[in-house]
Each structure stands twice: as C-alpha cells, then as structure tokens.
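Hi,

Here is the structure I promised to pass on. My notes follow below it.

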Amino acid sequence: MVIKVISATTTGLDIHKISVEVDVTNSLPQIIIVGLGDTAISEAKERIKLAIKNSGFEFPKTKVVINLAPANLKKEGAIYDLAMAAGILAKEKIINNIPDDTAFLGELSLDGSIRPVNGVLPIVSGLKESGIKKVIVPFDNLKEASFVEEIETLGAKNLNEVVLHLNDNMPLEKLKQNVDDFLNVEFNFEIDFKDIKGQFQAKRALEIAAAGAHNVLMSGSPGSGKTMLAKAFCSILPPLTKNEAIELTKIYSIAGLIDSKTPLINKRPFRSPHHSASSVGITGGGTMIKPGEITLSHRGVLFLDEMPEFQRSVLEVLRQPLEENFVTISRAQNTVKYPANFILIGAMNPCPCGFLGDRQKRCICSDFQIQRYKSKLSGPLLDRIDLHITVPRLTDDELLNVKKDGEASFDIRKRVIKARQIQLKRYAKDNIYTNSELTPKLINKYCQIDEQTKQMLKNAVNKFNLSARSYDRILKISRTIADLEESADISPNHAAQALMFRSLS
C-alpha cells in the first residue's frame with residue numbers, strides 16, 4: 001500500500017498542497033525521488049537516510065520510491081524532508097498512523113533534528129483554506145505559524161518527537177498568538193520631524209504623501225535634509241492594520257527575512273537599496289524567484305537616494321508597479337505575481353554638482369550636463385510621482401536656531417491617521433485603502449470639483465502641458481488635502497496646493 005503524506009509549497013504568495021507518496025519495491029537498496037524536484041530535493045536522499053538512522057530507526061533495505069505530486073509542478077527546497085521521512089517510517093510500521101488532515105513541513109539535519117524553513121506562515125494559512133486541521137512545523141517556525149487562526153500548529157525539534165507524537169506517546173508543543181498583541185505597541189523612531197530644522201513646505205508635502213500614500217520626489221542641494229526627511233517619514237505613517245501585518249509577514253517569510261524572536265512584521269518597512277542595485281534586486285526574481293525591494297517595501301516606503309545614479313533600466317522597471325501596485329515576474333518555468341503597493345520617495349540633486357539654484361554656491365555645470373542629468377529620470381516615470389518638491393538649503397537663521405520648535409511626528413501622525421480613517425470608510429466597498437489607489441472610474445465618483453476649480457485646472461493643463469495621468473494625480477492629491485482638512489468637497493484651495501507640488505514635472 002502506498003503511504004501518502006501532505007506537505008505544501010509556495011509559488012509567489014500562492015500555496016500548492018503537495019502529496020508525498022512513498023512505496024517500496026523488492027530491489028537493490030536505493031532512494032528514488034520523482035516529481036520535478038530541484039537539486040535540494042535530490043540531495044534529500046542522504047539527509048533522510050542518515051536522519052532516520054541517527055534517530056535510532058532502521059532504514060529500509062529495499063528500493064524506496066518517493067513521488068511528489070502533482071508531478072507537473074516545479075518543487076524547490078528542503079521543506080519536504082520531514083514529510084518524506086514520515087512516509088518512509090509509516091511504510092516500515094515505525095509510525096502507526098498518519099492522519100489525512102495533518103501536514104508536515106521541515107528540513108532534516110543528519111542528526112535527525114528539524115531545521116526551520118521559509119514560507120511557513122503563508123503555507124499554513126493556505127493549508128487551512130484547503131481543509132487541513134493540523135500542521136507539524138519546525139520548532140523554530142512555531143511562533144510564526146501560530147498566527148494562523150482555526151488550525152492547530154505543533155512544533156517539533158527532531159524526528160523522534162514526531163514519531164512519538166504520531167504514536168500517541170508524546171504531545172508536541174502548541175502555541176497560539178494574537179496578532180493584535182503585537183500591533184498595539186509604540187515605536188521609537190530614530191528621527192522625529194521636530195528634529196528637522198526648517199523645510200516646512202517639504203514637511204507639508206510628506207504629510208500629504210503619508211495621508212494618501214502618494215509618491216514623492218525631492219530635489220535640493222547636498223546637505224539640505226532630503227535623506228533626513230525621508231528617514232523621518234515612517235514616523236508619521238499610520239500603524240499597520242491586522243491584515244496588512246499578516247500580508248507583510250507572509251512576504252518576509254517567503255523571502256527568509258523573518259526573525260524567529262519577533263515573527264510578526266508589525267512596523268511599516270523602510271527599504272533603501274544602494275544605487276548599484278540590479279533590476280532583479282529591485283523587482284525580484286533569480287533562479288528561485290524571491291521578492292525584490294518593491295515587494296519588501298509593500299505597505300511601506302521604498303527610498304531611492306541619489307535617484308539619477310540608479311541605472312535607467314532599473315528605474316524604468318518601477319513604472320508598471322507604480323501604476324498597478326503589483327509586479328509580475330515571468331520565467332520559462334513559471335510566472336509569479338507579488339504585491340508591490342509602496343510609497344516611493346526619491347531624492348536627487350538639481351544638477352551633477354548639486355548647486356543649481358543654490359543660495360550660496362554657484363553651479364558649475366553646463367546646460368548640456370544639467371539636461372543629461374535630469375533626463376536620467378524619464379517623463380513617464382516622473383508622471384507617476386505625485387508630489388515634486390524642492391528642498392532648499394537652510395538659511396543661516398534656520399541652521400543656527402537650535403530650538404526644536406518644529407511640529408512633532410506624533411502630532412502629524414494623528415492627522416494622517418484621521419485622514420486614512422476617512423478614506424477607509426469612504427472606500428469600504430471599493431476594495432482599496434487610500435486615495436493613491438483610485439482608478440479613473442473612482443476618481444470620477446469621489447473627486448468631484450466645482451466650476452471654479454475646473455477652470456483653474458484647465459488653465460494649469462494648458463500652461464504646464466499636463467498629461468491625463470498628471471491631471472488624475474492632481475485630483476488624487478486634492479482629495480487627500482481635503483481629507484486632511486476633514487472637508488467632504490474639493491475646493492479651489494485644495495487644488496491649488498496640489499498644483500504647487502508638481503513644480504519639477
């Protein structure tokens with residue numbers, strides 16, 4: 001009789017239940033694993049054989065055939081080790097019974113201990129949806145798996161514990177944790193807005209960006225505070241919701257970036273890749289497709305410092321994710337779709353030397369050098385960035401004023417949270433969270449303007465030669481400014497403020 005053991009794998013954030021089928025035949029002793037596995041699965045033969053022997057059990061002296069079904073799905077990694085070992089031990093009657101509603105995840109060491117694996121949270125969540133009632137995971141993954149409700153998660157340290165548990169001789173450790181307990185915490189941010197001198201217009205723009213999840217491009221002289229403003233931005237963002245925290249944790253689990261001590265991502269990510277990053281590093285991919293920076297910054301911030309120094313090809317791959325809030329990675333073997341709903345904050349100098357328009361230092365760049373530098377950011381990319389702001393050099397009075405009289409991040413964040421709550425209530429039936437996610441159809445529904453505002457925007461379209469996308473983004477920003485002022489209608493003042501932040505386009 002063929003023994004069947006349930007395991008699972010991920011393709012992006014999609015979960016596939018895998019049936020590990022084990023049988024033996026009277027032939028020379030060997031292990032054959034079929035089912036379109038990679039090198040790590042092929043190498044599992046030696047790991048399983050020695051793990052079983054070093055756990056005190058006898059390995060079959062016959063031919064062992066293991067099939068990972070469905071056979072047409074590419075299998076990667078060592079996550080099936082525990083399931084394959086359990087199937088072999090059940091076939092040899094060492095394990096009395098393997099329940100049909102129990103799944104097994106884990107990599108085996110040669111001494112029989114069970115090592116942690118990536119993607120446990122999304123896998124356990126997906127197995128629950130498919131009707132599995134119990135999952136045995138590596139002990140180091142137990143905290144992560146325990147956030148999934150309505151499924152029993154058990155942590156095992158070694159193969160012996162699994163055998164004893166399945167033979168009803170020893171219970172495995174259980175754990176259940178509440179996501180809300182990890183979200184209701186206060187964070188100490190490295191930089192507070194009150195620590196940043198001057199730059200009141202830039203702070204206002206970032207407040208609008210935080211309230212509506214809008215993208216921002218800052219241009220200014222070296223040392224004007226662009227990087228400091230970007231790093232302080234997270235301090236005014238609203239806290240993660242429960243669904244956002246689970247979604248982020250799934251992404252980081254697949255990427256192998258979960259800390260076993262704090263297994264839930266409870267803080268909005270801030271990713272700042274170096275300008276030497278490749279397009280694969282930004283969008284994701286590789287031999288074993290992994291999330292890139294735009295997915296790791298999902299529901300958070302992607303900060304590109306010295307933005308024109310990035311390769312043009314790297315910047316251009318941002319265009320589709322900025323528009324659609326997801327990225328599709330296509331390879332010969334499969335296609336993976338990852339979420340990528342992030343706030344882009346870019347920082348750049350106005351010219352190669354950095355002092356174009358500076359109050360104190362003279363720019364030494366030629367017109368050709370300035371044009372070539374600015375052309376590194378294409379028009380279509382700039383069109384997708386909502387707020388374009390200039391961050392000037394601080395005046396002597398601003399620089400020497402050591403008194404911290406700026407508004408604190410805590411006070412700004414309260415206004416941002418209130419504006420986000422207005423948006424959540426407004427879009428409850430539209431499956432979006434923020435103004436930046438408005439589609440053209442929803443813009444027509446929620447961004448109604450009066451005749452005076454229409455005339456103002458008509459003049460702006462003609463004067464600045466705005467594209468249809470730029471016009472829609474101005475309406476979205478106007479809607480956010482109105483939300484910050486708790487106004488149900490978009491006024492000419494709101495639209496004028498929105499236009500003010502398109503100065504670089």
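**Cavity, cores and an aromatic pair**

The largest cavity holds about 120 Å³ of space. Please keep in mind that this is a predicted model. The structure has one cavity of 30 Å³ or more.

The lining of the largest cavity is made up of A213, L237, E244, R268, R299, G300, N341, F342, I343, R420, T434 and E437.

Next, the nonpolar cores. The largest has 70 residues. Within this core, I66 and F104 touch the most other members. Helix 3 (residues 81-91) gives the core its largest share, eight residues. A second core is separate and counts 53 residues, among them L229, L237, I443 and I490. L237 is also one of the residues lining the largest cavity.

Back to F104. Leaving aside residues up to four places away in sequence, F104 touches V5, I6, S7, I79, L82, A83, A86, I98, I136, V162 and L166.

Last, the aromatics. There are four aromatic pairs in the structure. One of the pairs is Y427 with Y446: the ring centres are 5.1 Å apart and the planes stand at 75°, so the pair counts as edge-to-face. The cut-off for edge-to-face is over 60 degrees. Y427 sits in the loop between helix 18 (409-426) and helix 19 (440-446), while Y446 belongs to helix 19, so the pair ties together parts 19 residues apart in sequence. Y427 and Y446 are both buried.

Best wishes

Methods: Residues are numbered from 1 along each chain as its sequence is written. This is a predicted model: local features need pLDDT of at least 70, side-chain atom pairs count only at pLDDT 80 or more; totals for chains, interfaces and linings use all residues. Side-chain values use heavy atoms; hydrogens and water are left out. On a 1 Å grid over the protein atoms alone, a cavity is a set of points where a 1.4 Å probe fits but cannot get out, and a pocket is an open set with protein on both sides within 12 Å along at least five of seven lines; lining residues have an atom within 4 Å of a point. Grid points are joined across faces, edges and corners, and a volume is the space filled by probe spheres set on the points. A nonpolar core is a set of buried Ala, Val, Leu, Ile, Met, Phe, Trp, Tyr and Cys residues joined through side-chain atoms within 4.5 Å. Buried means under 20% relative accessible area, exposed over 50%, partly exposed in between (1.4 Å probe, protein chains only). Helices (H or I, at least four residues) and strands (E, at least two) are DSSP runs, numbered from the N terminus. Contact means heavy atoms within 4.5 Å. Rings of Phe, Tyr and Trp (its six-membered ring) pair if their centres lie within 6.5 Å; planes under 30 degrees apart count as stacked, over 60 as edge-to-face and the rest as tilted.
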